[in-house]
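Please examine the sequence and the structure before reading on.

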Amino acid sequence: MPTEQIFKHLPPLEPPPDLLQKVLARIHTVRMRRLYAQLSAAAAGTILSLSYIAFSWSAFASQIQESSFLAMLKLLWSDPDIVFSNLTNIVLGLLESIPLDSVILALIVCFFGIAILWIAAHETRRSFFTQLT
Amino acid sequence: MVNGTESIMNQLSDNELIKACRSGDENALGTLIQRHLSAVYRFIFRMIGDRPVAEDLTQETFLKIWKSIRRFDPTKSFRAWTFAIAKNVVIDYLRKKKHLTFSEIENDEGQDIADTIPDIQPLPPEILERAELAQDIERALLELSPETRSIILMHEMEDFTFQEIAGVLKKPMNTVKSRYRRALLVLRGYLENLAPKKQ
């Protein structure tokens, strides 16, 4: 008998009957661990975003107070004819007095906060709810 | 798994099941694993000869497959990719345990030395008549280096072609063939040496 045919003498071998369940259970454990890590990171990111938004809102409010923005807005009610006769200058003045950097930074943080929440919700739905179907 | 879903899943090809897995279909994942579980377990067990460890390494293999399934190239063979991961899992285990044994020189990277290996003669009948032949073969396999052992197991037990094995091991096909032939010589010598000692 050629040497390579000796392997026919090896007995057939099947895995233990519960091995499939063990494999699936292990995958499930890792999947859940990943999900908890993602949710924890999302929660931390959301808390940081909200904290920064709160901080930047108070900074924005104090900058608005210090600027001439509110004063120019009050003119609309107190002396509207002065405002409309100098509309261009008033509008330019309003735009210049907005603390733009604070606004932009707060919008960016809001955007990332919403993105983090969206990704976390998507991953939770994908990882958790597919188990139920 | 519901029987109807199971029978539908069983009719899908590996690539169709992988596509479903990527969308989060748990039934597809279960079917894909079930389809390849026996072959992978058999391969790992014959590579290391230890049942509990083989079970553990099989689980690790499929865990790695699940983690990397998005990176799998659907133009390639899923079975070959699975065995490549299984082989690496086994090699990592053997390296950690320092269970590497070498009974042959592996120095023929890319060189075709198949012509220098003599023709392998058939085994004498007294070897084939031994009651412990199966155990002897299993012991003989464990004497080979892990990579050579994997070539023998993939070709003889799982019907991989040499080309597929070359893809799994990322070695030239001629290297695979020459190692295969050299392994048969080593196995033959081991079995022949065993027979007279035990008589």
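**Residue contacts, core and domains**

Q: Which residues does Val90(B) touch, leaving aside residues up to four places away in sequence?
A: The structure is a predicted model. Contact here requires C-beta atoms within 7 Å. With residues up to four places away not counted, Val90(B) touches Ile44(B), Met47(B), Ile48(B), Leu57(B) and Pro146(B).

Q: Which residues touch the most other members of the largest nonpolar core?
A: The largest nonpolar core holds 40 residues. Val90(B) is one of those that touch the most other members.

Q: Which element gives the largest share of the side of domain 1 of chain B that touches domain 2 of chain B?
A: The domain assignment of chain B gives domain 1 (3-97) and domain 2 (114-198). Their contact takes 14 residues from domain 1 and 13 residues from domain 2. On the side of domain 1, the elements that give two or more residues are α3 and α5 (78-97) of chain B. The largest share, seven residues, comes from α5(B).

Q: How many helices and strands does chain B have?
A: Read along the sequence, chain B follows the pattern α-α-α-α-α-α-α-α-α-α. The secondary structure therefore comes to helices as DSSP runs, and the totals for chain B are ten helices and zero strands.

Q: What share of the residues of chain B counts as buried?
A: A residue is buried if 20 or more other C-beta atoms lie within 10 Å of its own. Chain B has 199 residues, and the share that counts as buried is 29%.

Q: What share of the residues of chain A is buried?
A: Chain A follows the pattern α-α-α-α-α along its sequence. Of its 133 residues, the buried share is 5%.

Q: What radius of gyration does chain A have?
A: The C-alpha trace of chain A spans about 110 × 30 × 25 Å along its principal axes. A compact globule of 133 residues would have a radius of gyration near 14 Å, but the value for chain A is 32 Å.

Key:
Residues are numbered from 1 along each chain as its sequence is written. Chains are lettered from A and ligands numbered from 1 in the order in which they are written. This is a predicted model: local features need pLDDT of at least 70, side-chain atom pairs count only at pLDDT 80 or more; totals for chains, interfaces and linings use all residues. A nonpolar core is a set of buried Ala, Val, Leu, Ile, Met, Phe, Trp, Tyr and Cys residues joined through C-beta atoms within 7 Å. A residue is buried if 20 or more other C-beta atoms lie within 10 Å of its own, exposed if 12 or fewer, and partly exposed in between; C-beta atoms are placed from the backbone. Two residues are in contact if their C-beta atoms, placed from the backbone, lie within 7 Å. Helices (H or I, at least four residues) and strands (E, at least two) are DSSP runs, numbered from the N terminus. The radius of gyration is taken over C-alpha atoms; the globule rule is 2.2 Å times the number of residues to the power 0.38. Domain bounds come from an automatic or database domain assignment.
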